[in-house]
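Thanks for coming. I have one structure to go through, so please bring it up on your screens.

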Amino acid sequence: MDNEQAEILAEALGGTAWDSGGGINVIKLERPNGSFVVISDEVVCEYGSEEDFDNNKPVSSIFLH
């Protein structure tokens, strides 16, 4: 998705849009327990912590393609 699409979707879902590098735009949804969900146009991943995200270790994933 492009930046504009990410911004619109983030606003609708109550999250934050950001460029994760290389022009890949994602949406980050913070959860009350400190975990978060990252949505791209290819996958939705839940991470238990920033460390899990940095190490690419999602708790769960749903591939969209």
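How much space lies in the largest pocket? About 300 Å³. A pocket here is found on a 1 Å grid over the protein atoms alone, as an open set of points where a 1.4 Å probe fits, with protein on both sides within 12 Å along at least five of seven lines. Grid points are joined across faces, edges and corners, and the volume is the space filled by probe spheres set on those points.

Before the details, the ground rules. This is a predicted model, in which local features need pLDDT of at least 70 and side-chain atom pairs count only at pLDDT 80 or more, while totals for chains, interfaces and linings use all residues. Residues are numbered from 1 along each chain as its sequence is written, and side-chain values use heavy atoms, with hydrogens and water left out.

Strands β2, β4 (43-47) and β5 (60-63) each supply at least two lining residues. The largest share, 3 residues, comes from β4.

Now the fold. The chain has 2 helices and 5 strands, in the order α-β-β-β-β-α-β. These are DSSP runs, helices being H or I of at least four residues and strands E of at least two, numbered from the N terminus.

Next, the pairing, which requires at least two DSSP bridges between two strands. β1 (residues 16-19) and β2 (residues 25-30) are antiparallel over 4 bridges, and Trp 18 has Val 26 of β2 as its bridge partner. Their hairpin has 5 residues between the strands, with Gly 21 at a positive phi near 115°. β2 also pairs with β3, again antiparallel over 4 bridges, and there Lys 28 stands opposite Val 38. That hairpin has 5 residues between its strands, and Gly 34 takes a positive phi near 95°. β3 and β4 run antiparallel too, joined by 4 bridges; Ile 39 is partnered with Val 44 in β4, and the hairpin between these strands goes through 3 residues.

What about the side chains of β3 (residues 36-39): buried or exposed? Phe 36, Val 37, Val 38 and Ile 39 are all buried, where buried means under 20% relative accessible area, exposed over 50% and partly exposed in between, with a 1.4 Å probe and protein chains only. Phe 36 and Val 38 point one way, Val 37 and Ile 39 the other. In a regular strand, side chains alternate between the two faces of the sheet.

Two loop residues. Ser 49 sits between β4 and α2 (50-54) and counts as partly exposed because its relative accessibility is 25%. Its C-alpha atom is 12 Å from that of Leu 29, 20 residues away along the chain. Asn 56, in the loop between α2 and β5, is exposed at 57% relative accessible area. Asn 56 has a positive phi of about 55°, although it is not a glycine.

Last, the overall dimensions. The C-alpha trace spans about 25 × 25 × 20 Å along its principal axes. Of the 65 residues, 26% are buried. Among contacts (heavy atoms within 4.5 Å) between residues at least 6 apart in sequence, 10% join residues at least 24 apart.

Terms used:
1 Å grid on protein atoms, 1.4 Å probe; cavity = no way out; pocket = protein on both sides within 12 Å on 5 of 7 lines; lining within 4 Å.
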